[in-house]
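Good morning, and thank you for coming. Please look at the sequence and the structure with me while I speak.

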Amino acid sequence: MAEPLLLIAAGGTGGHMFPAQALAETMVARGWRVKLSTDARGARYAGGFPSVVPVEQVASATFSRGGAAAKLGAPFVIAGGIIGAVAGMMRDKPTVVVGFGGYPTIPALAAAVILRRPRMIHEQNGVLGRVNAAFASRVDRLACGTWPTDLPPGVAGEHVGNPVRAAVLERAGAAYIPPGEYPMSLLVIGGSQGARVLSDLVPAAVAALPETLRERLRVSHQARDEDAARVVETYATAGVRAEVQPFFTDIPRRLSEAQLVISRSGASSVADISVIGRPSILIPFAAATGDHQTANARGLVQAGAAVMLPESALDAAKLSRDIAAILSDPVRAETMARAALAQGRPDATDRLAGLVETLARKMP
């Protein structure tokens with residue numbers, strides 16, 4: 001009996017590609033053949049996929065970027081990509097097609113609709129991306145990484161969670177040490193977009209903390225290169241021990257050691273925080289498409305695991321008060337950590353893989 005074939009379609013950003021990679025690794029381990037369909041941009045993130053997964057580059061385009069000529073030509077580029085995807089699927093029929101969002105998923109999902117192949121979407125954020133929204137009513141299953149997720153009327157979603165890296169899974173549910181009369185760690189992570197506001201406000205907020213808190217605090221702050229010098233200077237002037245880098249390669253360890261996390265609310269960051277289980281102050285990126293970072297934060301906030309501070313209402317004094325309120329109240333901090341852990345889905349990849357196998361079993 002031939003091995004079943006999973007066609008994964010994803011592209012554009014690491015936010016789409018990394019969960020796709022996690023599913024690919026699991027399905028290969030379960031004896032499936034796996035192919036990745038993406039464009040040239042998405043292919044740059046495909047280096048971590050298992051070597052047995054071929055990468056098929058497809059033609060696709062977006063209506064939201066480029067000049068007038070590019071936007072006028074987008075339908076023709078997409079149509080060419082769909083024709084190519086249909087031809088490819090007729091040569092090698094996928095058992096299941098899974099889209100992870102982004103314009104490179106259009107050809108594969110459209111071809112799956114045309115050829116009536118079993119198909120599914122995984123949406124990482126609390127608001128559907130444009131492509132996933134367009135296909136939401138045309139797929140057999142819609143898996144949600146964030147819960148709750150805003151869905152179109154008549155569309156049902158299933159919460160599976162967002163797959164996280166193996167290094168995060170190794171520290172899933174790591175014991176939490178609540179704040180106390182000893183050194184404490186504060187982790188500040190901003191994601192790849194719009195993190196300047198954290199460099200503008202967090203050092204000033206930390207500097208304004210009562211001295212009894214400030215002198216026990218150790219800060220790990222992920223800041224852009226252009227912001228690093230002033231961030232370092234503000235912490236140093238306030239007498240706060242701080243490590244400032246553009247990117248920490250050991251975020252899982254720092255998360256597990258933190259008494260409090262201040263972060264953007266990208267889907268991956270929220271997943272990491274909840275799988276390890278730490279209290280957080282979340283500051284959604286105000287310009288995120290569809291305000292999806294606010295939606296991503298909603299589950300942790302409603303569970304009592306996080307405080308959400310919109311950028312529009314944010315200043316250093318308010319942020320300082322919220323930091324002090326959590327770090328001065330070990331009972332509250334520990335309750336928040338437990339609530340975060342309860343929201344985690346460390347088995348997200350297995351849940352997603354289970355949906356794929358369920359769809360495959362329904363094949364005639």
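Alanine 9 stands opposite glycine 99, which belongs to strand β4. Helices (H or I, at least four residues) and strands (E, at least two) are DSSP runs, numbered from the N terminus. The model is a predicted one: local features need pLDDT of at least 70, side-chain atom pairs count only at pLDDT 80 or more, and totals for chains, interfaces and linings use all residues. Residues are numbered from 1 along each chain as its sequence is written, and side-chain values use heavy atoms, with hydrogens and water left out.

Strand β1, residues 5–9, pairs with β4 in the parallel sense over four bridges; two strands count as paired if DSSP finds at least two bridges between them. As a general point, strands of a sheet pair through backbone hydrogen bonds, either parallel or antiparallel. β4 also pairs with β5 in the parallel sense, over three bridges. Which residue of β5 is the bridge partner of glycine 99? The partner is isoleucine 121. From β4 the chain crosses through α4 to β5, and this β-α-β crossover is right-handed: with the strands pointing away from the viewer, the path from the first strand over the helix to the second runs clockwise.

Are the faces of β4 covered or open? Both are covered: Val96 and Val98 on one side, and Val97 and Gly99 on the other, are all buried. Buried means under 20% relative accessible area, exposed over 50%, and partly exposed in between, with a 1.4 Å probe and protein chains only.

Let us turn to the helix of that crossover. Alanine 108 is found in helix α4, residues 106–115, and is buried, with a relative accessible area of 1%. Not counting residues up to four places away in sequence, alanine 108 touches Leu7, Ala9, Ser37, Ala85, Met89 and Val97, where contact means heavy atoms within 4.5 Å.

Beyond β5, asparagine 125 lies in the loop between β5 (119–123) and α5 (130–135). Asparagine 125 counts as buried at 14% relative accessibility. Its contacts, leaving aside neighbours within four places in sequence, are Thr146, Thr149, Ala267, His292 and Asn296.

Finally, there is an open sheet of six strands in the order β10-β9-β8-β11-β12-β13, with parallel pairing. β10 (241–245) and β13 (306–308) stand at the edges, each with a single partner strand, so one side of each is left without a neighbour in the sheet. Within this sheet, four bridges join β8, residues 184–189, to β11, residues 260–263, and isoleucine 189 has serine 263 in β11 as its bridge partner.
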